[in-house]
Amino acid sequence: MKSRVIKIVSSLAIGIGITVTPSSSYAATPKTMKVHYIDVGQGDSIYIKAPNGEDVVIDGGNKGKGDAVVSYLKKQKVDDIEVLISTHPDADHIGGLDEVINAFKVENVYAPKVSNNTQAYKDFLNAVKKKKLTIKTAQAGVKLPVKDVNAQIVGPTKTYANSDLNDWSAVVHMAYKKNTFLFTGDAETKAESDMIKAKKTLRADVLKVGHHGAKTSTSKNFLDAVKPKYAVISVGKNSYGHPTSQVVNLLKNSKVSILRIDQSGTIIITGDGTSYSVKKSR
């Protein structure tokens, strides 16, 4: 009887030009911003799926980690990369990017205007050249082409000595509605202080801790400027003592929720514009 009533109503509706859809009609999937802090051991690699579908990659881990990053991106159904950022030319950040560039169509490549003489850096440049891409300078004030997201580079704010590669790190701030993320590369206290003095947008709920938790990054002043709720430490087995107790204790005393890749594996933080959810791979 019920199905007959539905058929009659549908027929009448069609007769007067009204489209009938079931009460459980397909609702639009809410847009989210997903940030994947990929487990590449002692190094950095971050993949961001923006609300409108753009794919953003920040760093590619060390030499030998490129295949793992490419595999992870393919599992996420990445077909092309709208924005690829090399924060700085240290091997544990730039090492796998040549393989990422070779594996995908890349639209925009950003890197700070500082070089290195390592094989990892040369391989990155060769991959960019092979794809006939142009490296855009990563420096404070640069806006990134990500729809519905205020994505900007907030550091470096000035030039540094070639020996200070970490302070050259491209620091990226992204805001999707009320969701805010800060990606710091290996920026150290000097660069942190310069960003604060330049009054750059640093406030963020989610902080990617600088330099794997080394004591040369994440100053108290910087932490006070960012005021994060979550701190992600991209770290693996290492002989440097990362993350240092100094940084870990500073975060704890500031009541920041600490997420460590060496303990949790790949970490995915999803923002729906107002709140966050955290997923750990182990």
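## Aspartate 90 and the basis of the model

Where does aspartate 90 lie? Aspartate 90 is placed in the loop between β4 and α3 (91-94), where helices (H or I, at least four residues) and strands (E, at least two) are DSSP runs numbered from the N terminus. This is a predicted model, in which local features need pLDDT of at least 70 and side-chain atom pairs count only at pLDDT 80 or more, whereas totals for chains, interfaces and linings use all residues. Residues are numbered from 1 along each chain as its sequence is written, and side-chain values use heavy atoms, with hydrogens and water left out.

Not counting residues up to four places away in sequence, aspartate 90 touches Gly95, Asn116, Leu165, Asn166 and Asp186, a contact being heavy atoms within 4.5 Å. Aspartate 90 and alanine 120 are separated by 30 residues in sequence, and their C-alpha atoms are 8.0 Å apart in space.

## The eight-stranded sheet

Eight strands form an open sheet in the order β6-β5-β4-β3-β2-β1-β13-β14, and the pairing is mixed; two strands are taken to pair if DSSP finds at least two bridges between them. β6 (135-137) and β14 (276-280) stand at the edges with a single partner strand each, so one side of each has no neighbour in the sheet. Neighbouring strands of this sheet are turned by 20 degrees against each other on average, direction ignored, with axes being lines fitted to C-alpha atoms (for helices over the stretch in contact) and angles running from 0 to 180 degrees between N-to-C directions.

β4 and strand β5 (residues 105-111) run parallel and are joined by five bridges, and aspartate 80 has lysine 105 in β5 as its bridge partner. Helix α5 (residues 119-130) packs on the sheet, where it touches β4, β5 and β6, and its direction makes about 115 degrees with that of β6. Strand β1 runs antiparallel to β13, with five bridges between them, and valine 35 stands opposite isoleucine 269 in β13. β1 also runs antiparallel to β2, here over four bridges, with lysine 34 opposite lysine 49 in β2. Four of the five residues of β1 are buried, that is, under 20% relative accessible area, while exposed means over 50% and partly exposed lies in between (1.4 Å probe, protein chains only).

## The six-stranded sheet

A second open sheet, also with mixed pairing, has six strands in the order β7-β8-β9-β10-β11-β12. Its edge strands are β7 (150-155) and β12 (257-260), each of which pairs on one side only. Strand β9 (residues 179-183) pairs with strand β10 (residues 206-208) in the parallel sense over three bridges, and phenylalanine 181 stands opposite valine 206 in β10.

## Helix α2

Helix α2 (residues 66-75) has the buried residues Gly66, Val69, Val70, Tyr72 and Leu73. These residues lie on the same side of α2 because they cover an arc of only 160 degrees around the axis, the arc being that of the directions from the helix axis to the C-beta atoms. Asp67, Lys74 and Lys75, on the other side of α2, are exposed.

The partners against which the buried residues of α2 pack are β1 (33-37), β2 (46-49), β3 (55-58), β4 (80-85), α4 (97-103) and β13 (267-271). Lysine 77, which follows α2, has a positive phi, near 65 degrees.

## Nonpolar cores

A nonpolar core is a set of buried Ala, Val, Leu, Ile, Met, Phe, Trp, Tyr and Cys residues joined through side-chain atoms within 4.5 Å. The largest one has 31 residues, of which Tyr37, Ile48, Leu144, Met174, Phe181, Phe183 and Ile269 touch the most other members. At least two residues of this core come from each of β1, β2, β3, β4, β7, β8 (171-176), β9 and β13. Leaving aside neighbours within four places in sequence, the contacts of isoleucine 269 include Met33, Val35, Tyr37, Phe181, Val206 and Leu259.

## Serine 217

Serine 217 is located in the loop between β10 and α7 (220-226), and it counts as buried because its relative accessibility is 2%. A polar atom of its side chain lies 2.8 Å from the backbone oxygen of alanine 187. Apart from neighbours within four places in sequence, serine 217 is in contact with residues including Asp186, Ala187, Glu188, Gly210, His211 and Val247.

Methods:
A polar contact is a pair of N or O atoms within 3.5 Å; within protein, one must be able to donate a hydrogen and the other to accept it, and residues adjacent in sequence count only if both atoms are side-chain atoms.
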